[in-house]
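Thanks for making the time this morning. I would like to walk you through how two chains meet, and then turn to one annotated position.

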Number of protein chains: 2
Amino acid sequence: MSGRIHNEALRSKVMSAPDAAALVRNGWNIGFSGFTGAGYPKDFPEALAGRIDAAHHQGEEFKVNVLTGASTAPELDGALARTGGINFRAPYQSDPEMRSAINKGISYYSDIHLSHMGPQVSQGFLGKMDLAVIEVTAITEDGELIPSSSVGMNRTYLDYADKVILEVNEWQSEELRGMHDIYYPIGALPPNRVPLPILTPSDRIGQLTLKVDPEKIIAIIVTDSPDRNTPFKPLDHDSKAIAGHLLDFLSNEVKQGRMPKNLLPMQSGVGNIANAVLAGLLEGPFENMTSYTEVIQDGMVDLLDSGKMRVASATAFSLSPTAAERLNNNAKDYRDKIILRPQDVSNHPEAIRRMGVIACNGMIEADIYGNVNSTHVMGSRMQNGIGGSGDFTRNGYFSSFVTPSTAKGGAISCIVPMVNHVDHTEHDVSVIITEQGLADLRGLAPRQRAKLIIENCAHPSFKEPLREYVKLAEKVANGLHTPHDLESALSWHIRFLKTGTMVS
Amino acid sequence: MSGRIHNEALRSKVMSAPDAAALVRNGWNIGFSGFTGAGYPKDFPEALAGRIDAAHHQGEEFKVNVLTGASTAPELDGALARTGGINFRAPYQSDPEMRSAINKGISYYSDIHLSHMGPQVSQGFLGKMDLAVIEVTAITEDGELIPSSSVGMNRTYLDYADKVILEVNEWQSEELRGMHDIYYPIGALPPNRVPLPILTPSDRIGQLTLKVDPEKIIAIIVTDSPDRNTPFKPLDHDSKAIAGHLLDFLSNEVKQGRMPKNLLPMQSGVGNIANAVLAGLLEGPFENMTSYTEVIQDGMVDLLDSGKMRVASATAFSLSPTAAERLNNNAKDYRDKIILRPQDVSNHPEAIRRMGVIACNGMIEADIYGNVNSTHVMGSRMQNGIGGSGDFTRNGYFSSFVTPSTAKGGAISCIVPMVNHVDHTEHDVSVIITEQGLADLRGLAPRQRAKLIIENCAHPSFKEPLREYVKLAEKVANGLHTPHDLESALSWHIRFLKTGTMVS
C-alpha cells in the first residue's frame with residue numbers, strides 16, 4: 001500500500017491498472033492529465049490499450065475519445081494510438097504514433113487553443129465527460145489531491161467527469177506540494193464569471209490542492225515512473241543566432257522606452273530554439289525578470305537558479321532528465337519561484353493581455369505578408385497542433401515567431417509566398433525571426449512587411465525567388481493591398497510534394 | 001459663437017476649418033474620431049484635403065497618416081483619400097475612395113483588431129501621435145469633453161497626441177450627455193494594468209466625459225452636420241433565412257442547458273444580415289436580453305424599445321437616418337439602456353470572455369475546413385478590414401459567421417475549398433450559417449467539418465463540385481487531417497479571376 005494515500009477510505013479503491021481499465025466502456029469520453037510530457041498517467045493507458053486490443057481481437061468495436069491538457073508521452077498517446085482505438089483527440093499532441101493515426105485518417109483530431117479547452121468542456125461543447133484519469137503526487141487525509149508535475153486540464157476534468165481514476169505516482173517528489181495554485185472561480189460559467197485576480201506572475205490566488213468528489217473515484221492505481229523527459233540538443237548556430245536577434249530587439253525596445261528595464265513577463269514555446277533564447281537571457285543584461293508561460297524548461301530553471309529571473313508561472317514542466325532530477329531532489333527550494341496553475345489560468349487571455357506578456361513561439365513557416373503556419377506540413381498533414389501559441393500571440397504585448405530560415409537541409413524555405421495553412425493571421429504577428437535576422441512588422445502594411453521579411457529573414461538562396469514572386473504578384477494581382485498571384489502562390493509547396501525540394 | 005463651448009478660455013481657440021488645417025504639417029500622424037460612420041469630424045478633413053491638394057498643386061510633398069476608431073464617411077476617408085495624401089491608414093475603413101487608394105497601392109493600410117488599437121498606440125508601436133482631431137457634442141465649463149455618437153479611440157488619441165483639434169458638432173443631441181462611460185485605467189501600460197471591472201453589459205465603471213489637456217488644443221471648429229447614416233435595405237429572403245437558422249440554434253442551446261434562458265450578451269456585426277438577426281430576436285422567444293457589442297444598429301434600438309433587450313453596450317451608433325433622428329430626439333430616454341464605451345473596453349478580450357458574449361459576424365467566404373476570410377477579395381484586394389470580428393470571435397462563448405451561400409448572382413460560392421485569405425482560423429470558428437443552413441463545428445475535426453459545411457451551408461449548385469474536391473483531396477493529400485489538393489485548392493478563385501465565375 002502506498003504511503004502517499006493518506007485518506008483511509010480511499011485506500012480500498014486501490015487496484016491494478018488492468019482491473020481499472022476493465023471498468024471502461026466503448027465510446028467513453030476520457031479526460032487524461034498530462035501536459036508536455038509531464039504528469040500524465042503512466043500505467044492506466046497501457047492497460048486500457050490492452051483492453052482495446054483484446055476487444056478488437058474479438059471483433060468488438062472499442063474506441064474512446066482522448067482529451068488531455070496537451071501532449072503526453074508514448075505510454076499514453078503512443079500506446080492508445082497504436083490500437084487504432086482513439087476516435088477523437090484534443091486539444092494538442094506531439095506523439096509519432098498519434099500523429100500517424102491522425103494523418104492516416106484513423107483518429108479525428110480537433111486542434112484547440114489550450115486556453116479554450118477549459119471553457120469548451122465546461123460549456124458542454126465537447127460532450128459529457130465519462131471519465132477523468134489523473135496523475136497525482138499524493139492524496140491528503142481529507143481526500144484532496146496533491147497535483148504532480150503538470151496541472152493542465154485536471155481541475156476541469158475532475159469537476160466534469162462522471163467517474164475518476166487516480167494514479168498516485170511515487171516517482172514524483174512529495175515536495176511538489178506547495179508549488180501549485182489551483183484557482184476554482186475560473187471554472188464558473190457566464191453570467192457568473194468574475195475577474196481573474198492576477199496582477200503579476202508571482203500572484204498566488206488559489207489553493208494548493210485539487211478537489212474531487214470521493215464518490216466519483218472508481219479506482220486508484222499506484223505507480224512509480226518518471227515523466228517523459230527528453231534531453232535538449234546542444235545549442236546550435238541557428239538557435240544562438242535567433243536568440244541573439246531577439247535579445248538585441250528587446251534591448252532596443254527598452255532603450256526606446258517601450259518596455260521596462262526588467263522587460264515584461266516572458267512566454268516561451270517549447271523546444272531547442274526557445275531554450276536557446278532562455279540561455280541567451282542568462283548571458284544578457286536583464287535582471288529581475290519574470291515569466292508567465294505554459295511550460296518550464298531547463299533554460300528557465302537555469303534563469304531561476306542564477307537569480308536573473310525572480311519567478312516563473314506555468315502549467316507544467318518539460319525538463320531534460322538531469323534537470324528533472326535536480327528539480328525533483330530540490331522541489332522545496334523552487335516552491336517560492338515556480339507556480340503551476342491550471343492551463344485556463346496559465347494561458348488566460350485576460351492575464352496575458354493585462355501583464356503584457358512577451359510572446360515567443362516556434363513555427364513551421366511564415367509567408368511574406370506575416371501569416372504564420374504552426375501546424376501543417378504541405379497543406380494537409382498535421383504536425384503537432386497550435387497549443388498555447390494563439391493564446392499568447394493574440395493577447396501578448398507583442399508576438400514573435402522563430403524558425404531557422406530553411407528546413408530539410410535547405411530543400412524547404414520557411415519563408416514562402418503563401419503559407420499552406422494559417423494558424424496566426426497577419427493581424428497577430430509582430431515580429432518574425434530567423435537565423436538571418438529579424439523583421440519588425442508593427443505598424444506596417446502587407447507590402448511593407450514583404451520587403452522586410454524577404455530581406456531580413458529569408459535564406460539567401462530563396463531571396464531572389466521571393467523577390468520575383470512579389471514582382472509578378474504586383475503585376476497580375478487584382479489589388480495591391482496583399483498582392484498575390486494565386487496560380488503560383490502555393491507552387492513552392494506543390495513543387496516540394498512533387499520533387500522533394502522547393503528549389504526550382 | 002457656439003453655446004456648446006461652456007469653457008470661457010477655450011472660446012478663443014475657435015476658428016474656421018481651413019485655418020485649423022493650415023496648422024498641419026506634412027508627415028503628421030493624425031488620430032481622428034469616428035467609428036462606423038458616427039462621431040467623425042465633419043469639416044476639418046475636407047479643409048485638410050484642400051490644403052493637401054494645394055500643396056500637391058505646387059509640387060510639394062504632403063502626406064499624412066490617418067488613424068481612426070474604425071470606418072468613417074466620405075467627408076473624412078473619402079475626402080482625404082481622393083487627394084492621394086494618405087500615406088498610412090489604420091485600423092479599419094469601408095469607404096470606396098479609401099479602398100481604391102489601398103488597392104491601387106497609393107496608401108498603406110494596416111488591418112488591426114479594434115481592441116488592439118489602443119494598446120498599440122499607447123505602447124508606441126504606431127509612432128508618435130502628432131495630432132488628435134475629435135468630434136464632441138459640447139465642452140463643459142471645466143474644459144471636459146462630452147463625446148458625440150461614437151467613443152472609439154478618442155480617449156487614447158486625446159491622451160497621446162501632441163496637439164488637439166476639436167469639432168463641436170451642434171447637430172449631435174446635447175442629451176447624449178450621460179450615455180458614455182469613459183474608463184481611464186484601461187489605458188495603463190503593463191506592469192500597471194488592473195482587472196477591467198465589468199461583470200455585465202450594464203456596468204458603468206468610468207466617467208461621462210473625456211479629459212483633455214487644454215494646453216494641447218490648437219483649434220476648435222464649430223460644425224452642424226449629421227453623421228453618415230445609411231438606410232438599411234428591407235430584409236430579404238436570405239437574411240431572414242440566416243437569422244432563422246441562428247435563432248433555432250440558440251433555442252436549442254437553451255434547451256440543451258448550454259445557455260441561460262435569456263441567452264448571453266449578444267454581439268452582432270454591422271450590416272443587413274446582422275440587422276435581420278436583430279429583427280428575428282424581436283419576434284423570438286427570448287426576454288431580458290443584453291448586448292455587449294461594437295455598434296448599435298436600428299434592430300438593436302427596436303429591441304430596446306420593445307423591452308426584450310434590457311441594455312446595450314457598444315462604442316458607436318450606426319443608424320439609418322430615421323433611427324438616428326428618433327435617437328437624437330429622445331436621447332434622454334435611452335441613457336439608461338445604452339452605454340457607449342471606448343473601443344478598447346467595448347471589444348476587450350477580458351470582458352468578452354468573462355461575460356460569454358455570443359459572437360455573430362459577417363464574412364466574405366469560409367472554406368470547407370472552417371477557416372474564414374473577412375477581408376480579401378480573390379487573394380489580393382482589400383474590402384474593409386477585420387474590424388472587431390476577431391475580438392469577439394476569439395473570446396466569445398462561441399462564434400458564428402454568416403453569409404449568403406453565393407455572391408455576384410451565383411458566380412461566386414461563399415463556401416470554397418480553401419479561403420483566399422484567413423482572418424479567423426479553424427481554431428476560432430464555432431458555427432457557419434448561410435441561407436441554406438447551419439454547420440455546428442464545435443468539437444469536430446477538419447474532415448468532419450467539411451462534410452457538415454458542404455451539406456448544410458453550400459449552395460446546391462456548388463455542393464457536388466465541393467464533394468468532388470474532397471474526394472480528390474483525400475486521394476492525393478500527404479495527410480488526411482486537412483486533406484487538400486494544393487494544385488486545385490485555389491482554382492475556384494483563379495477561375496473567377498479569369499472567367500468572371502467560379503462555375504466551371
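This is a predicted model: local features need pLDDT of at least 70, side-chain atom pairs count only at pLDDT 80 or more; totals for chains, interfaces and linings use all residues.

**Where chain A meets chain B**

Between chain A and chain B there are 40 residue pairs in polar contact, both partners at pLDDT 80 or more, a polar contact being a pair of N or O atoms within 3.5 Å, where within protein one must be able to donate a hydrogen and the other to accept it, and residues adjacent in sequence count only if both atoms are side-chain atoms. On the side of chain A that touches chain B, helix α13 (residues 349-355) gives the most, with five residues; helices here are DSSP runs of H or I with at least four residues, strands are runs of E with at least two, and both are numbered from the N terminus.

Residues are numbered from 1 along each chain as its sequence is written, chains are lettered from A and ligands numbered from 1 in the order in which they are written, and side-chain values use heavy atoms, with hydrogens and water left out.

There are four salt bridges between the chains, meaning a side-chain nitrogen of Lys or Arg within 4 Å of a carboxyl oxygen of Asp or Glu, and one of them joins B:Lys498 to A:Glu487 at 3.1 Å, N to O.

Now to A:Glu294, where UniProt, in an unreviewed entry, places the feature "active site", an annotation that may be inferred rather than shown by experiment. A:Glu294 lies in the loop between β9 (289-292) and β10 (295-296) of chain A. Because its relative accessibility is 10%, A:Glu294 counts as buried, the cut-off being under 20% relative accessible area with a 1.4 Å probe, protein chains only.

Notes. Buried means under 20% relative accessible area, exposed over 50%, partly exposed in between (1.4 Å probe, protein chains only).
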